[in-house]
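Here is a friendly briefing to keep beside you while you look at the model. Have the sequence and the 3D view open as you read.

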Amino acid sequence: MGFETDIVERASFGVSDTLSGVFDFGVFQPKVTSDFAQKWALTDAVENSLPVSQEKPLLVDRAKPKDVKQLRPEGVGTVLQVLEGRVVSVSYEEQTMEAHLTPKIGQVEDHVAEIDLGWVNQQDKDLIQPGAVFYITVSKIITKAGNVQSLNELRFRRRPVWSRRQVETIKAEAESFWNSFNSI
Amino acid sequence: MIDYGTAPAVNEVEVCIFGPGYGEAIAVHLGNRRWLLVDSCMDPYSREPAAWTYLNSLGLADSEVLAIIASHWHDDHVRGISLISEKFPKADFFLPSVFNNKEALEFLCAYNGKTAPGQGLGAQQLHDVLVRLRDSKRKPHFTTQRTSVIDDTSAGYRVAAWALSPTPGACEKALAHLASYVPVPNGVMPINHAPELSPNYEAIALHVNVGGEIILLGADLEEHPEIGWSAITADEWCLSRGKSAVYKVAHHGSETACIPDIWKQLLADSPISCLTPFNKGRKKLPAQSDINRIYSYTSRAYISSNKSKSPALGREVVKELNGICRNISRANSGFGAIRLRKTIGTDQEWRVELFGHANTL
């Protein structure tokens with residue numbers, strides 16, 4: 001069984017002066033079908049503007065994020081802040097996680113906060129663990145009618161897996177330390 | 001920038017504890033412009049390591065640093081330590097002996113920040129120090145209980161610093177933890193930040209004796225009946241080092257790092273107790289119960305900075321984030337330093353000075 005994803009709506013945003021580039025948020029409804037999963041490219045200037053690993057993140061199918069508003073294509077948005085979060089601890093009894101937040105826009109100091117696990121997409125729940133990285137994007141959208149709407153999203157970074165080459169490099173460097181520090 | 005006044009006299013011992021709310025660094029003056037540096041955090045004003053900024057501001061940038069100690073690898077204790085090591089290249093570098101194992105070295109190499117920037121900041125700092133040492137054909141000192149960090153009598157009085165921890169058992173336990181995060185190419189393990197593993201049994205607690213003036217630096221060592229603080233208070237060798245009149249309280253004052261025997265066996269009556277807060281994590285440290293407990297043992301306690309401060313993200317962003325987050329606060333609650341000075345070998349009391357946001361506990 002696979003998933004077929006249809007992009008229901010896309011929105012283009014203008015961006016604030018502090019973040020260059022144009023980015024899209026794809027909003028889609030997954031349908032369970034017998035067809036093979038259809039991957040789609042997610043272009044996101046938020047991710048592209050941030051430090052990334054050499055390997056591209058895996059492309060994944062995502063359910064509609066909770067509380068993301070349906071957007072009109074002509075909406076103009078401003079990203080107020082992007083925070084890179086790192087999970088410090090998780091409490092499944094209280095359904096919260098403690099996170100260290102690093103603002104990415106402007107010279108703003110780090111913060112800490114508790115986040116309700118309900119804000120995490122169902123498909124990202126398996127990523128919740130100490131050390132996991134996520135991004136919170138805080139945006140405002142001015143709709144065609146002139147209304148201002150909030151658009152806040154929490155998205156876990158589905159990291160690439162360690163490659164064989166990376167592991168070999170790690171082992172080789174560790175070996176060089178070991179030999180250097182344990183030589184007579 | 002903080003005005004730290006004047007440098008210590010050559011016959012003065014000094015302990016200066018820096019803390020920005022998330023982070024800790026200690027500079028110990030051993031007399032005669034010689035220093036011991038333990039851990040590192042960043043001075044938010046200079047944006048450089050706090051100990052470096054301190055020595056520089058006192059005109060002591062060319063001082064002799066005998067040893068730099070990374071008590072453990074958590075990033076709140078080693079931020080900027082690679083730069084400190086670069087500034088004082090002749091200093092011996094000490095780190096817990098758990099890192100004298102291939103798996104632990106692989107851990108540092110994996111989370112060295114190169115695979116994804118910002119990953120494993122603490123591991124990255126230690127990794128960078130090891131690279132420099134390896135490339136300059138020097139060796140770090142892998143430290144365990146009873147390791148001699150300094151033993152010097154050249155100034156006419158003995159200067160000695162001994163590691164009271166970690167025990168071999170603590171290193172084994174820490175190694176197992178670290179090894180579980182060493183990557184394997186199984187196509188499943190994602191590249192993530194290295195989590196800060198707790199409880200902390202592998203930290204280096206240090207006993208420092210400067211001409212009879214004794215200081216206990218508790219690092220983040222926590223209690224465990226066999227490999228934590230009890231392993232120190234039950235060890236005759238550790239007890240024979242002498243009781244300390246100054247105590248850098250372990251693990252930000254938390255109850256997990258406090259047993260009565262620390263205060264009874266290792267410390268003099270009512271020692272001057274200093275600590276840094278920890279404003280990250282579910283439980284901010286020290287809690288009120290921790291403060292009450294510390295005051296049950298001493299009447300003189302100081303903290304390097306305040307509790308968490310209100311967020312500094314802008315009103316609009318905070319308003320939006322309040323829908324997602326609770327208890328948003330700054331990781332750093334204001335930088336401060338506690339400085340203690342005493343003339344070596346006299347009956348004078350220690351003089352306490354508070355800088356920046358430092359305050360009575």
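**Cavities, interface and pocket**

The lining of the second largest cavity is made up of 7 nonpolar, 1 polar and 2 charged residues. Here Ala, Val, Leu, Ile, Met, Phe, Trp, Tyr, Cys and Pro count as nonpolar, Asp, Glu, Lys and Arg as charged, and the others, Gly among them, as polar. Please keep in mind that this is a predicted model, in which local features need pLDDT of at least 70, side-chain atom pairs count only at pLDDT 80 or more, and totals for chains, interfaces and linings use all residues. Residues are numbered from 1 along each chain as its sequence is written, chains are lettered from A in the order in which they are written, and side-chain values use heavy atoms, with hydrogens and water left out.

**Cavities**

- The structure holds 8 cavities of 30 Å³ or more.
- On a 1 Å grid over the protein atoms alone, a cavity is a set of points where a 1.4 Å probe fits but cannot get out, and lining residues have an atom within 4 Å of a point.
- The second largest cavity has about 70 Å³ of space, a volume being the space filled by probe spheres set on the points, which are joined across faces, edges and corners.
- Its lining includes Trp73(B), Lys173(B), His177(B), Tyr201(B) and Glu202(B).

**Where chain A meets chain B**

- The contact (heavy atoms within 4.5 Å) takes 62 residues from chain A and 60 residues from chain B.
- About 5,300 Å² is buried between the two chains, 59% of it from carbon and sulfur atoms; this is the accessible area (1.4 Å probe) lost on putting the two parts together, summed over both.
- There are 6 salt bridges between chain A and chain B, each a side-chain nitrogen of Lys or Arg within 4 Å of a carboxyl oxygen of Asp or Glu.
- One salt bridge joins Arg330(B) to Glu109(A), with the closest N and O atoms 3.5 Å apart.
- On the side of chain A that touches chain B, H2(A) gives the largest share, 13 residues; helices are DSSP runs (H or I, at least four residues), strands are runs of E (at least two), and both are numbered from the N terminus.
- That side of chain A divides into 29 nonpolar, 19 polar and 14 charged residues.

**The largest pocket**

- About 1,000 Å³ of space lies in the largest pocket, a pocket being an open set with protein on both sides within 12 Å along at least five of seven lines.
- Of its 35 lining residues, Val108(A), Glu109(A), Asp110(A), Arg79(B) and Asn332(B) lie nearest the centre.
- The lining divides into 13 nonpolar, 12 polar and 10 charged residues.
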